[in-house]
Amino acid sequence: MCGRYAASRRPEDLAGIFGIEKWEPEETLEPDYNVAPTKEVLAVLDRVLKDVADPRPVRQLRRLKWGLVPSWSKTPEGGARMINARAETVHEKPSYRRAFSSRRCILPADGYYEWVTGKEERDLEVEGRKKRPRKQPYFVTPADGSVFAMAGLYEFWRDRTLPDDHPQAWWVTCSVITTEAESDPLAVSPADGPHALAEIHPRMPLMLTPDRWDAWLDPARTDVGELRELLAPPPSGLMRAYPVGTAVSNVRNNGPELLKELAAPEEGTLF
């Protein structure tokens with residue numbers, strides 16, 4: 001799954017990476033090293049501009065809220081639960097299939113966090129003596145330092161309780177698409193830790209390699225079969241994972257120090 005990630009790249013950097021044609025200062029966000037559900041996030045999407053004669057989709061950097069609210073929802077409360085969409089079923093689930101057809105985006109990240117229960121904790125759990133879980137967070141990121149381009153969906157929701165000219169009359173929300181975690185060896189793994197992403201968690205965000213970006217973002221592509229082919233997992237061996245401090249477990253903590261690699265898992269959380 002994806003329940004927390006880091007996104008520190010500046011809009012001007014993302015513009016160069018993704019070929020952004022349009023982004024507004026009010027759409028930008030400060031670097032966030034502890035992105036959590038319901039937060040606003042930056043997304044790359046292709047969409048026709050309003051009040052412009054040119055019908056060509058324009059690549060934009062937009063600010064969305066993480067937690068998809070389907071257009072047909074009566075209230076937005078369910079968005080907090082819809083942060084992830086499974087690649088295997090996204091094309092058929094009522095909450096996602098319309099967005100999958102024509103409202104796809106990329107959520108740029110440095111990488112994502114995942115928590116692993118330490119070996120000693122697991123042993124206690126097996127023995128029935130486990131009281132309070134203590135988990136070691138790991139940060140998963142491309143080994144070459146490139147952007148982690150997560151496949152996503154976005155949707156528009158109209159709050160009918162507000163007038164048309166109200167700034168919060170429209171919500172634009174998103175979900176991260178996840179896939180089965182890789183079982184092949186990581187490009188770089190800690191000596192005393194997991195050696196494959198599947199050892200950390202059975203699911204992972206679906207990372208799109210650059211050769212798929214244009215096709216994924218193109219709203220004119222609506223064939224379900226072709227789109228599902230784009231959801232194939234990326235080549236193995238692209239990622240590294242390393243332990244970070246448990247401070248990231250508190251969403252109120254934020255800053256580049258959360259990405260600092262530990263020499264070994266924290267005491268009591270050995271893998």
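The model is predicted, so local features need pLDDT of at least 70 and side-chain atom pairs count only at pLDDT 80 or more, while totals for chains, interfaces and linings use all residues. Residues are numbered from 1 along each chain as its sequence is written, and side-chain values use heavy atoms, with hydrogens and water left out.

**Nonpolar cores**

- A nonpolar core here is a set of buried Ala, Val, Leu, Ile, Met, Phe, Trp, Tyr and Cys residues joined through side-chain atoms within 4.5 Å.
- Buried means under 20% relative accessible area, exposed means over 50%, and partly exposed lies in between, with a 1.4 Å probe and protein chains only.
- The largest nonpolar core has 31 residues, of which Tyr-5, Trp-66, Leu-107, Tyr-112, Met-150, Tyr-154 and Leu-197 touch the most other members.
- At least two residues of this core come from each of β3 (40-47), β4 (58-66), β6 (104-109), β7 (111-117), β8 (135-142), β9 (148-158), β10 (170-180) and β12 (239-243).
- Strand β9 gives the largest share of this core, four residues.
- A second, separate core holds 30 residues, among them Ala-15, Leu-68, Phe-100 and Leu-206.
- Beyond its neighbours within four places in sequence, Leu-197 is in contact (heavy atoms within 4.5 Å) with Tyr-112, Val-140, Ala-181, Glu-182, Leu-186, Met-204 and Met-239.
- In soluble globular proteins, nonpolar side chains tend to be buried together.

**Strands and their pairing**

- Helices (H or I, at least four residues) and strands (E, at least two) are DSSP runs, numbered from the N terminus.
- Two strands pair if DSSP finds at least two bridges between them.
- Strands β3 and β4 run antiparallel and are joined by eight bridges; Glu-40 has Lys-65 in β4 as its bridge partner.
- Strands β4 and β10 run parallel, with two bridges between them; Trp-66 stands opposite Cys-174 in β10.
- Lys-135 is in strand β8 and is partly exposed, at 39% relative accessibility.
- The C-alpha atoms of Lys-135 and Val-116 are 5.2 Å apart in space, although the two are 19 residues apart in sequence.

- Pro-11, Leu-14, Ala-15 and Phe-18 are buried in α1.
- These four cover an arc of only 105° around the axis, which puts them on the same side of α1; the arc is that of the directions from the helix axis to the C-beta atoms.
- The buried residues of α1 pack against β3, β4, β6, β9 and α4.
- Thr-38 is in the loop between β2 (32-35) and β3, and its relative accessible area of 42% makes it partly exposed.
- Most residues other than glycine have a negative phi.

**Aromatic pairs**

- Rings of Phe, Tyr and Trp (its six-membered ring) pair if their centres lie within 6.5 Å; planes under 30 degrees apart count as stacked, over 60 as edge-to-face and the rest as tilted.
- This rule gives nine aromatic pairs.
- Phe-18 and Trp-213 form a tilted pair, because their ring centres are 4.4 Å apart and their planes are at 35°.
- Phe-18 lies in helix α1 (residues 11-18) and Trp-213 in helix α4 (residues 213-217), so the pair ties together parts that are 195 residues apart in sequence.
- Phe-18 and Trp-213 are both buried.
- Tyr-113 and Phe-139 form a tilted pair, at 5.0 Å centre to centre and 50° between the planes.
- Tyr-113 is in strand β7 and Phe-139 in strand β8, 26 residues apart, and the pair links distant parts of the chain.

**Arg-104**

- Arg-104 is in strand β6 and is buried, at 2% relative accessibility.
- Arg-104 lies over the face of Trp-216, at 5.6 Å from the ring centre; the criterion is NZ of Lys or CZ of Arg within 6 Å of the ring centre and within 35 degrees of the ring normal.
- Beyond its neighbours within four places in sequence, the contacts of Arg-104 include Leu-45, Gly-152, Tyr-154, Trp-216, Asp-218 and Arg-221.
- Arg-104 and Phe-156 are 52 residues apart in sequence and 12 Å apart in space, C-alpha to C-alpha.
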